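Open the model in your viewer and keep the sequence panel beside it. Each stop below gives a selection and then what is there.

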Amino acid sequence: MADTPSYTPPAVWTWTKPNGGTFASTNRPVAGATHDKELPRGKHPLQLYSQGTPNGVKVTILLEELLALGHTGAEYDAWLIRIGNGDQFGSGFVDINPNSKIPALLDYSGAAPVRVFESGSILLYLAEKFGAFLPKDSAARTEALNWLFWQMGSAPYLGGGFGHFYTYAPTKIEYAIDRFAMEVKRQLDVLNQHLAKHRFLAGDEYSIADIAVFPWYGGLVKGWNYGAAEFLSVHEYQHVQRWADEIYARPAVKRGRMVNRTSGTPAEQLLERHDASDFETKTQDKLTATAS
């Protein structure tokens, strides 16, 4: 390992300057709203406020899967929260999620609105609400929840750890990248060994566990996340590759990945979704063609 300047932490840490990273303008050590801004509300009972990050697309994939099964109550409005601009610190969003992270959901279908935040909580809420994508058998249900909570606990090492230091940090720190690359590869091996014996994470049944894990680790082996496929030798994880390919072949997954997306080709970006027909008329390439 190359020598790097040593750093001695102060006795008491204070926030004296921006950290210089990609998200420096939105990082701060305190919670709460920074500005007043009401959230829009559409025509459907389910109102989603999100961006098409791996955590965000978990929810839109599930909603599209529910609609594909015929659950008309899963129709939803998806509003774009641009996290790079600090939209998540608006007062309306903070009222739904005091942690100021996407995604956040409001369900107006009952007597009083229900707020749901944290992507894993939203997946579980919707799966139970519609009775789908969560096994009925107790052992299989528990296995699905095992992997759902595994993802929630493991992804910070991938995103906030490896992804941050490899892609977004202002300085490439060898120790940090090595440390988190090693952990991400260990996690990929956990998945690879499990998927060598099982079609999906909970067994033979596709569930919210797969929907939660796919945008992070499926996206990693598909080459979508952090441009790190070669660096992490993702070709080594053949069973994860097989699983990711099968999930990506699902039409609802492809639709879900488009919603609230702000990167990729214009044809892959549906910034807001208010009706199923929006996929045919309101992706960024369609809007550009109409405008011209």
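Start by selecting Leu105: Val116 in S4 stands opposite. Helices (H or I, at least four residues) and strands (E, at least two) are DSSP runs, numbered from the N terminus. This is a predicted model, where local features need pLDDT of at least 70, side-chain atom pairs count only at pLDDT 80 or more, and totals for chains, interfaces and linings use all residues. Residues are numbered from 1 along each chain as its sequence is written, and side-chain values use heavy atoms, with hydrogens and water left out.

**The sheet**

Select residues 104–107 and 114–117. These are strands S3 and S4, which run antiparallel and are joined by four bridges. Two strands count as paired if DSSP finds at least two bridges between them. Follow the chain from S3 to S4: a hairpin of six residues makes the link.

S1 and S3 run antiparallel, and four bridges join them. Pick Leu46 and look across to S3: its bridge partner there is Asp107.

In what order do the four strands lie? The order is S2-S1-S3-S4, in an open sheet with mixed pairing. From one strand to the next, the twist averages 20°. Axes here are lines fitted to C-alpha atoms, for helices over the stretch in contact, and angles run from 0 to 180 degrees between N-to-C directions.

**Helices on the sheet**

Select residues 54–68, helix H1. H1 packs on the sheet and touches S1 and S2. Its direction makes about 150° with that of S1. Contact means heavy atoms within 4.5 Å.

Next, select residues 119–130, helix H3. H3 also packs on the sheet, touching S1, S3 and S4. The direction of H3 makes about 130° with that of S4.

Go back to H1 and pick Leu63. Is Leu63 buried or exposed? Leu63 is buried, with a relative accessible area of 0%. Buried means under 20% relative accessible area, exposed over 50%, and partly exposed in between (1.4 Å probe, protein chains only). Leaving aside neighbours within four places in sequence, Leu63 is in contact with Leu46, Leu48, Ala74, Tyr76 and Leu126.

**Loops**

Select Gly52, in the loop between S1 and H1. Gly52 is partly exposed, at 25% relative accessible area. Beyond four places in sequence, Gly52 contacts Val57, Val259, Asn260 and Arg261.

Move to the loop between H2 (91–96) and S3, where Pro103 sits. The peptide bond from Ile102 to Pro103 is cis, with omega near 0°. Ser100 lies in the loop between H2 and S3. Phi of Ser100 is near 55°, a positive value in a residue other than glycine. Ser100 is buried, with 6% relative accessible area.

**The H6–H7 pair**

Select residues 208–221 and 238–248. Helices H6 and H7 pack at an angle of about 115°, with their axes 10 Å apart. Show side chains for the contact: H6 supplies Asp210, Val213, Phe214, Tyr217, Gly218 and Val221. H7 supplies Val240, Gln241, Trp243, Ala244, Ile247 and Tyr248. These residues divide into nine nonpolar, two polar and one charged. Ala, Val, Leu, Ile, Met, Phe, Trp, Tyr, Cys and Pro count as nonpolar, Asp, Glu, Lys and Arg as charged, and the others, Gly among them, as polar.

Check the loop between H6 and H7 for Tyr226. Phi of Tyr226 is near 70°, a positive value in a residue other than glycine. Tyr226 is buried, at 18% relative accessible area.

**The cores**

Pick Trp243. Not counting residues up to four places away in sequence, Trp243 touches Leu195, Arg199, Phe200, Leu201, Asp210, Val213, Phe214 and Gly218.

Now widen the view. The largest nonpolar core has 65 residues, and those with the most contacts inside it are Leu126, Phe162, Ile208 and Trp243. H6 gives the most to this core, with 10 residues. A nonpolar core is a set of buried Ala, Val, Leu, Ile, Met, Phe, Trp, Tyr and Cys residues joined through side-chain atoms within 4.5 Å.

For the last stop, select Tyr49, Ile96, Ala104 and Leu106. They are among the eight residues of a second, separate core.
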